[in-house]
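Q: Please take a close look at one chain in this model. How is it built, and which parts of it touch its partner?

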Amino acid sequence: MSFDLLAEVCERVAATPSRNQKVRLLGDYLSQQTETNLVRATRFLCTQPLPTEVAFSLGHAALRAALMEATGWDLETVRLCYREVGDTGETVGLLLHNATRNLPLTLEQAEQEYSQVFAGRRTADRVARLAEIFLRYRPLSLKYFVKVITGNFRIGLQERLVEEAVAIATQYSPEEMREANHKVGRLPDVARAAYRRELHAVQARIFHPMEFMLAKPIEQAPEITSPQEWLVEDKYDGIRSQVHAGEGQVKIFSRGLEEITGAFPEICALFSQVPGTLALDGELLAYRDGKALNFTVLQQRLQRKSVSRDLQASIPVVFIAYDLLHLNGQSTAALTLEERRSLLIQSLPEGGLVSAQKSLSELASLDDEFAAARLRGNEGLLLKRRDSRYEPGKRGNTWLKVKKVFATLDVVITAAEQGHGRRATMLSDYTFGVRDGERFLNVGKAYSGLTDDEIRQLTRILRGLTHEKYGRVMLVRPEVVLEVAFDGIQKSPRHKSGFALRFPRILRWRTDKSVAAIDTLETVQALYAATLE
Amino acid sequence: MIPEIDLWLDPRQPKANVWFSHAHSDHATGRPPKVWATSATLNLYRLRWPETITVVQHLIPMTFGIPFAWQGARLTAWPAGHIVGAAQLEIEKDGYRLVYTGDLKLKQPICGLSTTVIKCDRLIVESTFGLPIYHFLDHQAARTRILQFARDTLADGATPVFLGYPLGRGQEIAHVLATDGIPTSVHGAMHKFLPLYEQAGYTFPGVEAYSAQADRGRALVVTPGMRDYLEAKGDHRVAYVSGWAALANARTRSNAHELIPYSDHADFSELLDLVSATGASEIDIVHGYTEPFARILRERGFHAQAATTETARTEEAEA
């Protein structure tokens, strides 16, 4: 089947604002595919060019070089065109208008072309290969061929939608598809199983990360009628991660399902000798003298591919396990939390840490326990039902997290970007900053907390304030004031202020407050300093 | 080399002797005492004036291809494919020919004449879409897309809404819809120009001025300012017919569901073709991507320069 048709379907997906319509269009397309092509098309839609798990990347500079080679346009023109368009794939398609041989492209050929590009060892080889490809196929197909490489379709298409489209194509329910995908974490593999009517047999595999089960956030202690059914533990401010171990091998995966094994040799050493196999859910923490250190400290470890002994000594890291996903070749997800915990404790290697759990009914007051957790250097509390199953990717009512707002800041919007899906035509993602004398320095970006009505109003206002445009991003004059809540502050090179708020969310749009009265960089510095104490 | 004839081309400031290339308000602006333009342009221009105002103006209608003598030069208007009445101006003096294009395209417009390419020594040309990313539909393809969007939307029980500027695009879309039998309402600002489009030979069977009470089952052609009002009524789907619709980010900028890249300006390849076809040895670029387009032309061996606002003014003054 053809990649050309996939590109046309994506154009129609881009053109409709309706989520259902997008899913239906893709589902119809996928349902016409053979097994191999269903897997290929799903992979492309998940922006994975190749079947291997190795992440190949090809930078924008290389893509631009190939485009210059194919079209003869100079760097300045290509740059300017990119600035107007805002997307590399689209720029490629537009600049190759009437310049290619318009040969048809099948899904199989597309895969071959990708593997030949990535087979090139030097960037120059890859660029040369891409330039040839650029002159061969239809511009519309090349647009999406490149979007698969750059990793963002920009047509309001999240993995959720592709998941539902695969469900339609294989006649499973979206729920069944989601559940299977959460276990496996690789939609193309799930699509293959679905095509073979084997979706229910899909199992989490050791050394392949699965989605994490999530807790529903609540700002205050809930009214719980049967406290004896709930367990309470501290919510750590570390890196949620999975440790998979067995047969002399250890792999560690982050919340984003990225492998981060190399940064934590002491954890690998601890788990390298476990008998059988196991996969754990838990938290990596920088930890000294029985107390967790600030998240920023831990981050210095995360960014390393390998870690020196000195760094291991100066920032010691522990893994605190709190759940068991897999044991000796069997998934434990269907067991109750209590059953999983008892197996977890039995199977941990010597020196392994496990989170402390208390019964909610034993606690005098949840508020006091929350304060105690904060004193222990932790973020808040988790409440989990004793009988809860491990449901990957779900945020249900069986796990709750009590987090109190760290602080709020009044900030000003400095840039706005269009949203996705229902909000695709609105400016719903806001970058915001604090005041530093006459300047405004960014401290974060948020896209939740306002109603659609407010976003619509803001969109109109922000368009009027736009003074510069970089593709989808509009730089605006700093006039709109928001109050944001967040869970912490860390150092960040991403923003000019040098700080980034953690999990910022918009509390309200402050029409009553002037830009002159918003919070300053000094306030941010003081809040950060307080977290280090 | 430039004929010194005291004539201003589409000036933004009030001047004595003025050429209007066409009736868009960014070109035909102010109330200069003496104006040359085609008669269609003069009629459209006068319609913008409140009836109560009297200005002493000498409006000189030009006929295509018939030269007019002025201060030792010959001025000739030639068709420009843009909106009804649009014209290029050829200025010939002592055997030297300068052409000012105004706004135009090479493709045939839905309403209005096709561009006549005039050989000249010096060309003053616009570059609204002077980057190689801009490719536009021809009038046939645009017609098909406009009709398909209107019919599909009506078939779904929703109201198709086309956004367009009051003069030019609005009448073209209304003409396409109405002559294909689709009941159409147009915004009052567009409706007032219909009689002049009819004089030019374009029909608008059954087209009515927009009324909020009777818009069900009809296609609407309105100004961009009405978008939010109509969206609030629900069940409206918006098409954006414009050169800017060639880029996907127009979806955010216009909030439109359907992007139809059809323009009354030349796209990039038309601009290149026009420049080559005139044979001009000197080219001045006056609007849009002036610097980049001048650079692209220079790399192709043309003697081209971007006229900044300041130089454009002095050149206009010299002309």
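A: What follows describes chain A and then its side that touches chain B.

This is a predicted model, in which local features need pLDDT of at least 70 and side-chain atom pairs count only at pLDDT 80 or more, while totals for chains, interfaces and linings use all residues. Residues are numbered from 1 along each chain as its sequence is written, and chains are lettered from A and ligands numbered from 1 in the order in which they are written.

Chain A falls into domain 1 (3-150), domain 2 (216-403) and domain 3 (407-532), with bounds from an automatic or database domain assignment. The centres of domains 1 and 2 of chain A, taken over C-alpha atoms, are 40 Å apart.

The chain holds 19 helices and 21 strands, which are DSSP runs numbered from the N terminus (helices H or I, at least four residues; strands E, at least two). Its C-alpha trace spans about 75 × 60 × 50 Å along the principal axes. Of the 533 residues in chain A, 43% are buried, that is, 20 or more other C-beta atoms, placed from the backbone, lie within 10 Å of the residue's own.

Between the chains, 20 residues of chain A are in contact with 14 residues of chain B; contact means that C-beta atoms, placed from the backbone, lie within 7 Å. On the chain A side, α1 (3-15), α5 (75-85) and α6 (88-95) each supply at least two residues. The most comes from α5(A), with five residues. By type, this side of chain A has nine nonpolar residues (Ala, Val, Leu, Ile, Met, Phe, Trp, Tyr, Cys and Pro), four charged (Asp, Glu, Lys and Arg) and seven polar (the others, Gly among them).

How values were computed: Two residues are in contact if their C-beta atoms, placed from the backbone, lie within 7 Å. A residue is buried if 20 or more other C-beta atoms lie within 10 Å of its own, exposed if 12 or fewer, and partly exposed in between; C-beta atoms are placed from the backbone.
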